[in-house]
Amino acid sequence: MLKNKEQELQHLPEHVVLNILCRLPVKSLIRFTCVSKRWRSLIISDHQFGNSHFQLAAAASHLRHNVLISAGTTPPEMLRSRFLSLSEEANFLIRNLNWPWPSESYRDILVMGSCNGLVVLGHCNSLRNGLNSLPLGQRYCRYFERLVIWNPSTGFFREIPCPNFQMGMVKLREAEQEREMSGVCYGFGQVSASDDDYKLVVIQSLGGFMVVHVFSVRANCWKIVKASCENIHKVVTRSFTRI
Amino acid sequence: MSTSTDNNASITQESGPSAAVQDIQKKIVVRTADGEVFNLKEEVAMEIDIIKTFFQEDSISYETVMPLPNVEGWEMVKVIEYCTKHVELKHKVDGYKERKAFQALFVQNLSTKSLLALTNTANYLEVKYLLDFLCQAVSEQIKNKDVDYVRELFGVENDFNDEEYEQVKAEAPWAHENLNNDLH
């Protein structure tokens with residue numbers, strides 16, 4: 001009986017293996033990427049798995065603390081990766097990290113915020129968009145065109161849709177649009193510990209008033225929240241303290 | 001075959017116009033790979049989707065013995081045990097503690113290998129809540145184990161050569177340390 005069972009286990013359906021794996025803590029998962037090439041590919045690149053583990057990994061309290069080093073403007077020759085990790089557990093050795101867009105220019109990546117080991121990155125192809133000729137506020141908006149939530153310790157990342165900045169602009173007269181888009185501020189964090197969801201908040205400042213865009217990671221969509229100017233101040237403060 | 005109109009209690013009662021109106025606990029019969037035959041209460045049997053589909057989709061008579069060639073006798077015993085408890089707890093308002101206690105006992109004497117076999121069976125039989133529970137149980141048992149253990153358990157062959165293995169291991173050597181000693 002045992003022999004048949006062993007053969008059968010080798011044919012354990014992938015989704016069952018995934019069901020088991022997605023419940024494992026990050027440390028175990030990383031270790032099990034060494035089990036076989038198939039497991040490695042499952043753990044690292046399976047999209048569905050990345051999603052279901054996303055929330056688990058973010059909540060893993062047994063993950064040791066690492067420091068994320070972001071190499072903004074250092075010439076590429078000096079550091080092999082845009083992001084590096086300094087880990088207490090690994091005797092403070094610096095490790096190059098795998099990150100979502102390794103072929104992009106460092107300057108085009110903006111770190112939007114981080115929370116619980118998750119980092120939000122924005123990307124904008126500066127050459128293509130002629131970034132330097134834009135006013136500052138609009139420049140930052142461009143970084144939202146490509147957004148990703150990334151877990152540096154596991155390498156998982158998930159692209160998220162960009163917000164609809166035009167929605168806020170609709171209220172203004174056409175002539176004012178260019179001038180009035182004076183700025184944008186943003187923050188990423190968890191609204192409350194019990195709510196297994198992360199929010200990315202972007203506040204578009206349009207001269208006289210502000211438009212608040214909120215992205216829910218769990219719902220995977222953007223919403224525009226109405227807020228008066230006094231409330232905006234509170235929201236901004238609260239968002240930033242969570243980073 | 002002659003029918004005794006008085007005999008309403010037997011399960012071999014023929015169905016048809018003369019069938020008893022009295023309450024008979026309907027049973028469904030299955031046969032596992034090793035030839036063992038099981039009589040399941042209808043409400044328990046219906047928890048097992050593969051059985052439910054078999055009988056309901058084509059309106060197959062309950063007199064048919066459903067073959068389950070991928071299931072061993074001992075596995076069927078465990079599945080019936082779990083589903084019976086699940087049905088029982090459905091009607092209870094606050095069954096949380098009882099469920100937890102039951103679950104702990106349920107896996108107590110099962111080796112990890114058996115647990116995995118049972119997981120495979122729960123998947124085949126299509127009992128989602130049992131599958132999820134067993135996957136959780138397996139993950140608890142393997143989370144602090146090393147790579148060799150996991151390979152052996154899942155029957156996975158190592159297709160990394162020595163160099164490749166050292167390379168992937170070097171990505172996070174800390175993940176391979178302090179195993180079996182963790183408190184969680």
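I began with the area that chain A and chain B bury between them, which is about 3500 Å², 63% of it on carbon and sulfur atoms; buried area here is the accessible area (1.4 Å probe) that two parts lose on being put together, summed over both. I noted that this is a predicted model, in which local features need pLDDT of at least 70 and side-chain atom pairs count only at pLDDT 80 or more, while totals for chains, interfaces and linings use all residues. Residues are numbered from 1 along each chain as its sequence is written, chains are lettered from A in the order in which they are written, and side-chain values use heavy atoms, with hydrogens and water left out.

I then looked up the contacts (heavy atoms within 4.5 Å) and found 32 residues of chain A in contact with 47 residues of chain B. The rule finds 2 salt bridges across this interface, a salt bridge being a side-chain nitrogen of Lys or Arg within 4 Å of a carboxyl oxygen of Asp or Glu. One of them joins the side chains of K37(A) and E164(B), at 3.4 Å from N to O.

Of its 60 residues, I48(B), I51(B) and F154(B) touch the most other members. I also listed the neighbours of I48(B), leaving out residues up to four places away in sequence, and they include L40(B), M76(B) and C83(B).

Note on methods. Core = buried A, V, L, I, M, F, W, Y, C linked by side-chain atoms within 4.5 Å. Buried < 20%, exposed > 50% of the residue type's maximum accessible area, 1.4 Å probe, protein only.
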